[in-house]
Amino acid sequence: MNTDDLRALVIEVLSGIAPETDPALVDPTVDLRDELDLDSMDELNLITRVSERLGIDIPERDYGKLRTLDSAVTYLANRLGASAA
Amino acid sequence: MTATTVGTAATAWRACPIAEGCGTSVAGRLRDVGASGRARAAEISHPAARARFVVGRALLHGMVAERWPHRHGPELGVELDAFGRPQPIAPDGLEVSVSHTHGLAVAAVSRVGAIGIDVESLARTDLPEAGAWLTARELRRLAALPHSERRTQLLHLWVAKEATLKACRRVGTTTLRGIEVWARRDRDDAPVGGDVAAVAEMGWVDDAPGAVRVGRDRALVTFDATDPLAASAEVAWYTVADGYLVALATSVSAPPR
């Protein structure tokens, strides 16, 4: 799975959490909470669903590394050893 | 419902519907959030998220101003917590906390120690998978409940943990699973509500108008695996505004580290 795949996966999960918005249009460098009106519960839903889809454990202490689309993709790529697209 | 003056209590919290903006339009509230609040609001692109932030911040500003009347337009700072989430900070030893969910903002101030507040709608159904944020004991207690009671219990645990995270952030860094909310009704030896009860009985806590306290418990906090009981906080739950659940965490105690 490369970084484009990871980005698509995160966007797909976000679409289920914030269905009234279009996550594909978010600024990838901006806090997802600000862009998509996510709260703490949405944020944990995002992390647990991505974690489940990828079959990896994401420790709570790493949650802050998934605050933007870009940082989430970078973190997940590092965890998975993914190649750049 | 609009927020009303609560007085000079050492610990107080208030609630304000987002749509009402506490009697003023959300846009009008921007003048009440200080320069740092306006700068932060400008960073929030989603209109609903920005409205929630502005109303919560204005509510908090008003409460701080009442307690520091010599400070006209007090400026609140912002610091990031362990999860990278912005948390307000106030000057002069005043502890503050704010929370907002779809439809309601709440804010709390304390002159007697750390404080944390959190709010959620009681109608909320999209709770994260419990194993991701409950302790093993909490999971067992949850499993023993009738199905009809589990969602409400999960909401109580969620707001309690979020409030405790905020209240304890200066003591150490913990996680949702590093906080365990005791089940007082299941434990005869559980400590009784200590400071929260005492303070409430002496009238030092001002609760939001219309709020009904529905429970009280203690949250035990772990900062790492080698320090299994590093701190504790008192948690009180309230229902407010016909459908919201609020948790207020106070009286944080921690052994010397």
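Modeller: A residue is called buried here if 20 or more other C-beta atoms lie within 10 Å of its own, exposed if 12 or fewer do, and partly exposed in between, with the C-beta atoms placed from the backbone. By that count B:Thr11 is buried, since 23 other C-beta atoms lie within 10 Å. This is a predicted model, in which local features need pLDDT of at least 70 and side-chain atom pairs count only at pLDDT 80 or more, while totals for chains, interfaces and linings use all residues. Residues are numbered from 1 along each chain as its sequence is written, and chains are lettered from A and ligands numbered from 1 in the order in which they are written.

B:Thr11 belongs to strand S1 (residues 11–17) of chain B, where strands (E, at least two residues) and helices (H or I, at least four) are DSSP runs numbered from the N terminus. S1(B) runs antiparallel to strand S5 of chain B, and seven bridges join them; two strands are said to pair if DSSP finds at least two bridges between them. In this pairing B:Pro17 stands opposite B:Leu104 of S5(B).

S5(B), which spans residues 104–110, is mostly covered, with seven of its seven residues buried. B:Leu104, B:Val106, B:Ala108 and B:Ser110 point one way from the strand, whereas B:Ala105, B:Ala107 and B:Val109 point the other way, and all of them are buried. S5(B) is also joined by seven bridges to strand S4 (residues 95–101) of chain B, again in an antiparallel arrangement, and here B:Ser99 stands opposite B:Val106. S4(B) and S5(B) form a hairpin with two residues between them, and B:Gly103 in that turn has a positive phi of about 105°.

Elsewhere in chain B, five strands form an open antiparallel sheet in the order S6-S11-S10-S9-S7. Its edge strands are S6 (116–121) and S7 (179–181) of chain B, each of which pairs on one side only. Six bridges join S6(B) to the antiparallel strand S11 (residues 244–253) of chain B, and B:Ser121 stands opposite B:Tyr244 in S11(B).

Chain B also meets chain A: 20 residues of chain B are in contact with 17 residues of chain A, contact meaning that the C-beta atoms, placed from the backbone, lie within 7 Å. Helices H3 (47–67) and H5 (147–167) of chain B are the elements that give two or more residues to the side of chain B that touches chain A. By class, that side has 10 nonpolar, five polar and five charged residues, where Ala, Val, Leu, Ile, Met, Phe, Trp, Tyr, Cys and Pro count as nonpolar, Asp, Glu, Lys and Arg as charged, and the others, Gly among them, as polar.

The secondary structure of chain A comes to four helices and zero strands. Buried residues make up 34% of the 85 residues in chain A, and A:Asp37, with 21 other C-beta atoms within 10 Å, is buried. A:Asp37 lies in the loop between H2 and H3 (40–54) of chain A, and has a positive phi of about 60° although it is not a glycine.

Methods. Two residues are in contact if their C-beta atoms, placed from the backbone, lie within 7 Å.
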